[in-house]
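Open the model in a viewer and keep the selection tool to hand. The stops below are given in the order in which to select them.

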Amino acid sequence: MAAAINTKPDFFDRIQIITERYLTHRAKIQNIKKEKQRKKSALADWIEAFIWAVCVVLLINQYLFQAYQIPSGSMIDTLLVGDRIFVNKIVYGPEMLPGVAKLTSPIKPSRNDVIIFENPDYHSRGIVFDVVQRILYMMTFSIVDIDKDEAGKPKAHFLIKRAIGMPGDIIYNKRGDMYMRFAGEDRVVAETVYNAQRGWKHNITRLMPADGYPFLEAAGKTAAYTDMGISVPSEILNLARDGSSIYMEDPDYITYETKRLEVLRAAFPQEARFAKEYSRRVQGRYVPYTRILPLGDNRDNSHDGRYFGPVRISKILGKGSFKYWPVLRFGSIK
């Protein structure tokens, strides 16, 4: 009697069949992809590559490094007008989205860091505009900025300054020179002395000459008398006039305004606002524990924390890392 023939595939045959089916399907998919790729136009390829590049740039700018252009001379000579720099965004915690939530970081700004932060005086046009503006700014490495004022100049949405006052400090301004009383201490130290002790070699640029202060202070007092509609004492008026054409080209407006307030406080003792503002300028500015006082290196040409006060640490977006343009100024920021 003849033996029965087993027509069912054994285990190895089934493995072979499945493998052949998979390889055939895979080859078919690859052929379809190749055919689609062949049919694509050169323009479509370019657009696709550009979109991917934009996405990569946005991710890098948002979370790692962002490009900025220096618009003013407030940080001369550390940073010059027109310098293009990269800011380290990850060090203090990057924003999740432009102008929205910010991630926390164990690293906080240290004294003498060059920091970039949101301008406290900036008035936003709305979150949609801010997001679009910042995306365009990042995509073009700071070349395109649609956030401009009536004169066509870019608005100061962000400021870059040096972290001078740390939480708990009291900062004093005396004729343009800064003095610091650190948290928990009673000694007052000059900023220049403190910097020299630590080997910090950045220049603090001054435009106002030391011998011009008597004339500048007289000018501040003259302004106060003029505001009140009172005749200015001759000795003050003459002193202000003597220095008006010599020392007032780049004045220290902090000292000027302090002297103006000094006269107004004496004339109107019932006005608490004059007394409060004058007292704050003379007795120093306290830096709360959630804030930092930023100042520009070019002290007589910098709109900084002396005007708008300490800024929240949560609003500090990054640390100045290095200059990449002009090529001759390429290097780290210190």
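Start with Asp-147, which is buried at 1% relative accessibility (buried means under 20% relative accessible area, exposed over 50%, partly exposed in between, with a 1.4 Å probe and protein chains only). This is a predicted model, in which local features need pLDDT of at least 70, side-chain atom pairs count only at pLDDT 80 or more, and totals for chains, interfaces and linings use all residues. Residues are numbered from 1 along each chain as its sequence is written, and side-chain values use heavy atoms, with hydrogens and water left out.

Helices (H or I, at least four residues) and strands (E, at least two) are DSSP runs, numbered from the N terminus. Arg-125 is partly exposed, at 45% relative accessible area.

Next, select Arg-175 and Glu-217, whose side chains meet in a salt bridge of 3.0 Å, N to O. Arg-175 lies in the loop between S5 and S6 and Glu-217 in helix H5 (residues 213–228), so the pair ties together parts that are 42 residues apart in sequence. Glu-217 is buried, with a relative accessible area of 14%, while Arg-175 is partly exposed at 38%. Check the backbone of Arg-175 too: its phi is near 50°, a positive value in a residue other than glycine. Most residues other than glycine have a negative phi, and most peptide bonds are trans.

Move to Glu-191 and Arg-299, a salt bridge with the closest N and O atoms 2.7 Å apart. Glu-191 is in helix H4 and Arg-299 in the loop between strand S9 (291–295) and helix H9 (305–308), 108 residues apart. Both Glu-191 and Arg-299 are buried. Shared partners join the salt bridges of Asp-177, Arg-206 and Asp-300 into one network. The structure holds 18 salt bridges.

On a 1 Å grid over the protein atoms alone, a cavity is a set of points where a 1.4 Å probe fits but cannot get out, and a pocket is an open set with protein on both sides within 12 Å along at least five of seven lines; lining residues have an atom within 4 Å of a point. The largest cavity holds about 30 Å³ of space. Asn-112 is buried at 13% relative accessible area and has a positive phi of about 85°.

For the largest pocket, about 690 Å³, select Gln-69, Pro-71, Pro-154, Lys-155 and Ala-156, which lie nearest its centre among 28 lining residues. S4 gives the most to that lining, with four residues.

Finish with the cis peptide bonds. One joins Ile-76 and Asp-77, with omega about 5°; another joins Trp-325 and Pro-326, with omega about 0°. Pro-326 lies in the loop between strand S11 (316–325) and strand S12 (331–332).

Terms used:
Grid points are joined across faces, edges and corners, and a volume is the space filled by probe spheres set on the points. A salt bridge is a side-chain nitrogen of Lys or Arg within 4 Å of a carboxyl oxygen of Asp or Glu.
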